[in-house]
Amino acid sequence: MSEAEQHIVSEIRGQVGFITLNRAKALNALSLDMVRSLMGTLLAWQHNADVRAVAIRGTNKEGAFGAFCAGGDIRFLHQAGSRGDPRLEDFFTEEYALNHLIHHYGKPYIAFMDGIVMGGGMGISQGGSLRLVTERTKMAMPETAIGLFPDVGGGYFLSRCPGRVGEWLGLTGHTIGAAEAIAWGLADGCLPVEQLAAVWEGLGARPFADGPAVEQWVASHCVAPAASSAPSGDRDAIDAYFALDSVQAIVTALESSGDAWARATAETLRKRSPLMLHVVLEQIRRAREMDLATDLRMERDMVRHCFYLRPGQSETVEGIRALAVDKDHAPRWSPARIEDVPAELVQAFFASPWPAHAHPLAALQG
């Protein structure tokens, strides 16, 4: 059995195609083989009349559900980025094409986002037609902590959150739960943990007239999420601070405040990659005016630059080293301070390395 067959379990039961991410030891982090398996499965089912809808879930070490997907395989990214492995280029091109397919799939795609849903896990769920969270959901785009940016269409879906929530989530990498995910347009409904298995099994056992009927049946089991016991931040404060013109202006204003939330937020930002904070703010604001395909092409340009713009000086390789390889949690960011990031370095991330006709994602539409 291949790695992809072990880590991606797919089957058709009744009128529904079921996908289970089965790499629990790595919190279902996506490898290139897993991306390819997902793409192949979804393409095979897309025009199969016997498959009226698709459902996707993750596993944890105890069994089904419990964790959805923690993102891309960052150890692979570190290794490939350090060695110039060409599979690094393939990974991002194929992952972003998969994200695009999910957004434009054409039949219900139901994501059971139980447990950790971060990074690449958001990429394979945000395009779903029904995005389900639970009381265990921990959702985030934490890439600035590893010298990366919220990719997999993050510019597109974060920029469409209300107010300046997208900037706040993208810059801080803050983790949110079910109630906030629904309120901010990153989930559609809350399914109680104790109902997950019954709904999943019921999907394969019941007859459905069509795809919308599948979706409606699942949605009928949703409940109002419990209010967050500790709000992550005041919406008015988020909108006021994260609407400011620059990262430096945001951090200066937060640090000047006597408010505990503002000061804590500033402390978080000071730990992130200064360069990538500037890049992410620009990314999200550009993406507000883009369709998904254009955003993904921009992000494909950006991620190429994350590894190759400054040879031997990749913020991403350094960030992953500090978090997941050496685990010293002391990344040596360059530049080291928010105040020292030159504007021309930020803008270089948005210059495409390819002419339009030769772009790896040139074929994506809308």
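Author: This is a predicted model. Start with Pro162, which sits in the loop between helix 6 (154-159) and helix 7 (165-172).

Reader: Why is Pro162 called partly exposed?

Author: Its relative accessible area is 28%. Buried means under 20% and exposed means over 50%. Pro162 falls in between, so Pro162 counts as partly exposed.

Reader: What does Pro162 touch, leaving out residues up to four places away in sequence?

Author: Pro162 touches Ala183, Trp184 and Arg235. Pro162 and Arg235 are 73 residues apart along the chain, and their C-alpha atoms are separated by 9.4 Å.

Reader: How many disulfides are there?

Author: The count is 0. Take Cys69: the nearest cysteine sulfur, that of Cys161, is 19 Å away. A disulfide needs the two sulfur atoms within 2.5 Å, so Cys69 is in no disulfide.

Reader: Why is Cys190 called buried?

Author: Its relative accessible area is 5%. The limit is under 20%, so Cys190 is buried. Cys69, at 0%, also counts as buried.

Reader: Which residues of helix 10 are buried?

Author: In helix 10 (residues 211-219), they are Gly211, Ala213, Val214, Trp217 and Val218. They cover an arc of only 165° around the axis, so they lie on the same side of helix 10. Among the elements they pack against are strand 2 (16-21) and helix 9 (196-205).

Reader: What makes Asp210 a cap of helix 10?

Author: A side-chain oxygen of Asp210 lies 3.0 Å from the backbone nitrogen of Ala213.

Methods. Residues numbered from 1 in each chain as written. Predicted model: local features only at pLDDT ≥ 70, side-chain atom pairs only at ≥ 80, totals over all residues. Heavy atoms only, no water. Buried < 20%, exposed > 50% of the residue type's maximum accessible area, 1.4 Å probe, protein only. Helix = DSSP H or I, 4+ residues; strand = E, 2+ residues; numbered from the N terminus. Arc of directions from axis to C-beta. Contact = heavy atoms within 4.5 Å. Polar contact = N/O pair within 3.5 Å; in protein donor to acceptor, adjacent residues only side chain to side chain.
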